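Please read them beside the sequence and the coordinates.

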Amino acid sequence: VRVRDIVTKAHENKWLLPRFQRYFDWNKHDIRDFIESIFFDQYVGAILLWEMEGEPPLDVMPIKGVQRDEGAKIEALILDGQQRITSLYYAIKAPEVKIKGSSAPVYFYVNFATFLQGDGSEEIVEVHARKLTREQSYEKLLFPMYELEAFSEWVNGLEDYLLNKLSDTKKLRE
């Protein structure tokens, strides 16, 4: 299953949680570590789903940050993997909800400069208390996880930004 599919299924209320599940309990450091594990293609565990045919036989709820849609056709209940699925959703969709230990929503960025220049010992995912503008993210070489669905557009903007900067540098030398 692709990350995109996991996030979409949760967002569309096709994958829900049985109400007896504990609530989302990860903090920003747990989410950051999880995203880095995915980025470095490390094993991050399995997801256990209970496929549904019709209405579930128990109370259900969406993952944290998702609005419940009573009309959605439920495909499966998440029996194991809630923390990981919710973390993906939170990093990519950036819902305006707080997580454990934070007084406001937080936003996750992949630091391309650290990744490209680093030796693998530094953290490449940064957590910020506010959304950066695209210009700020280009300037700092920070890819916003919430821009994943518009990745090509963001990369094209970064390219334009860098070409413009290069042009400005050439002008200074003349």
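Contact, as the word is used throughout this note, means heavy atoms within 4.5 Å. This is a predicted model, in which local features need pLDDT of at least 70 and side-chain atom pairs count only at pLDDT 80 or more, whereas totals for chains, interfaces and linings use all residues. Residues are numbered from 1 along each chain as its sequence is written, and side-chain values use heavy atoms, with hydrogens and water left out.

1. Overall layout. The chain holds six helices and seven strands, these being DSSP runs numbered from the N terminus (H or I with at least four residues for helices, E with at least two for strands). Their order along the sequence is α-β-α-β-β-β-α-β-α-β-α-β-α, and the C-alpha trace spans about 75 × 35 × 30 Å along its principal axes. Of the 174 residues, 39% count as buried, where buried means under 20% relative accessible area, exposed over 50%, and partly exposed in between (1.4 Å probe, protein chains only). Among contacts with a separation of 6 or more, 66% come from residues 24 or more positions apart.

2. Arg-32. This residue is found in α2 and is buried, with a relative accessible area of 11%. Which side chain does Arg-32 join through a polar contact of 3.1 Å? The partner is the side chain of Glu-123, a polar contact being a pair of N or O atoms within 3.5 Å; within protein, one must be able to donate a hydrogen and the other to accept it, and residues adjacent in sequence count only if both atoms are side-chain atoms. Leaving aside residues up to four places away in sequence, Arg-32 touches Phe-108, Glu-123, Val-125 and Val-127. Arg-32 and Glu-126 are 94 residues apart in sequence, yet their C-alpha atoms are 7.3 Å apart in space.

3. Helix α3. Residues 82–93 form α3, whose 12 residues reach 16 Å from the first C-alpha to the last, close to the 16 Å expected at 1.5 Å a residue. The helix is mostly covered, with 11 of its 12 residues buried, including Gln-82, Arg-84, Thr-86 and Tyr-89. The buried residues pack against α1, β1, α2 (28–39), β4 (76–80) and β5 (107–111). Just after the helix, Ala-94 takes a positive phi of about 50°.

4. The α2 and α3 packing. The two helices, α2 and α3, pack at an angle of about 90° with their axes 10 Å apart. Axes here are lines fitted to C-alpha atoms, for helices over the stretch in contact, and angles run from 0 to 180 degrees between N-to-C directions. The helices α2 and α3 are therefore roughly perpendicular to each other, on a scale where angles under 35 degrees count as roughly parallel, over 145 as roughly antiparallel, 65 to 115 as roughly perpendicular and the rest as oblique. Ile-31, Phe-34, Ile-35 and Ile-38 of α2 meet Arg-84, Ser-87, Leu-88, Tyr-90 and Ala-91 of α3. These residues divide into seven nonpolar, one polar and one charged, with Ala, Val, Leu, Ile, Met, Phe, Trp, Tyr, Cys and Pro counted as nonpolar, Asp, Glu, Lys and Arg as charged, and the others, Gly among them, as polar.

5. Two loop residues. Val-44, in the loop between α2 and β2 (48–51), counts as partly exposed at 28% relative accessibility. Not counting residues up to four places away in sequence, Val-44 touches Phe-34, Ser-37, Ile-38 and Arg-84. Asn-13, in the loop between α1 (3–11) and β1 (15–18), counts as buried at 1% relative accessibility. The side chain of Asn-13 reaches the backbone oxygen of Gln-67 at 3.0 Å.

Technical notes
Expected span 1.5 Å × (residues − 1).
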